[in-house]
Amino acid sequence: MKTDDDTYIRLENFVQSLRPLPREDLYYGYVIPCPSMDPFVHYMSGMGYLVSWDIVEWIKQSDIPKTHLEGPEDKVFGEWLRDGHRARHRYNAKWSMYNYPEPPTRCTHELWPDTIAVHLLKNQEKWIHTLNYFNVTRGLKPSKLYHIP
């Protein structure tokens, strides 16, 4: 899996969502553009996407990635899969993966319990709000390494 550093992943929910899915030729994430629900039309958002190991091996061996490196990483990655006729199994995790609620856009909604990933946590306040919502910081002992108000 590749994810942005401003994305919070809820690992237990993420793992549960993967359990019923195929283990080969898999491309999993949040379909772009925001209104689209069809994972075969465009590509998965750079907030976080996962591919099966056979696709990783194909990327290592294929000439397609070596000759197509320019552009937004998530879009280019999707084009590699399209051009290589890969990712026969695609899973759109929308709306369990989404952008932080503020500012509101077509890619956002409020935080909710079935969340897999929250993206665009660009400042400390957004991280704190998100972690508090999911009770991640409850019970943490004080440390010199972090400060949680």
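So, Trp-95: you'll find this one in the loop between strand E7 (89–92) and E8. Keep in mind that we're looking at a predicted model. What I'd like you to look at is the peptide bond joining Lys-94 and Trp-95, which is cis, with omega about 5°. There's another cis bond, from Ile-32 to Pro-33, and there omega is near 0°. Pro-33 sits in the loop between E4 and E5.

Why do I bring these up? Because most peptide bonds are trans, and most residues other than glycine have a negative phi.

Go to the loop between helix H4 (73–83) and E7, where His-85 is. His-85 isn't a glycine, yet its phi is positive, about 55°. Ala-87 is in the loop between H4 and E7 as well, and its phi is also positive, near 65°. Now, buried or exposed? His-85 is exposed, with a relative accessible area of 71%. Ala-87, on the other hand, is buried, at 2%.

Last stop, the disulfide. The structure has one, and it joins Cys-34 to Cys-107. Cys-34 lies in the loop between strand E4 (31–32) and strand E5 (43–44), and Cys-107 in the loop between strand E8 (97–99) and strand E9 (117–119), so the pair ties together parts that are 73 residues apart in sequence. Both cysteines, Cys-34 and Cys-107, are buried. The torsion about their S-S bond comes out at about 50°, so we call this disulfide right-handed. And the S to S distance in the model is 1.3 Å. Okay, that's my tour.

Technical notes
Residues numbered from 1 in each chain as written. Predicted model: local features only at pLDDT ≥ 70, side-chain atom pairs only at ≥ 80, totals over all residues. Heavy atoms only, no water. Disulfide = S-S within 2.5 Å. Helix = DSSP H or I, 4+ residues; strand = E, 2+ residues; numbered from the N terminus. Buried < 20%, exposed > 50% of the residue type's maximum accessible area, 1.4 Å probe, protein only.
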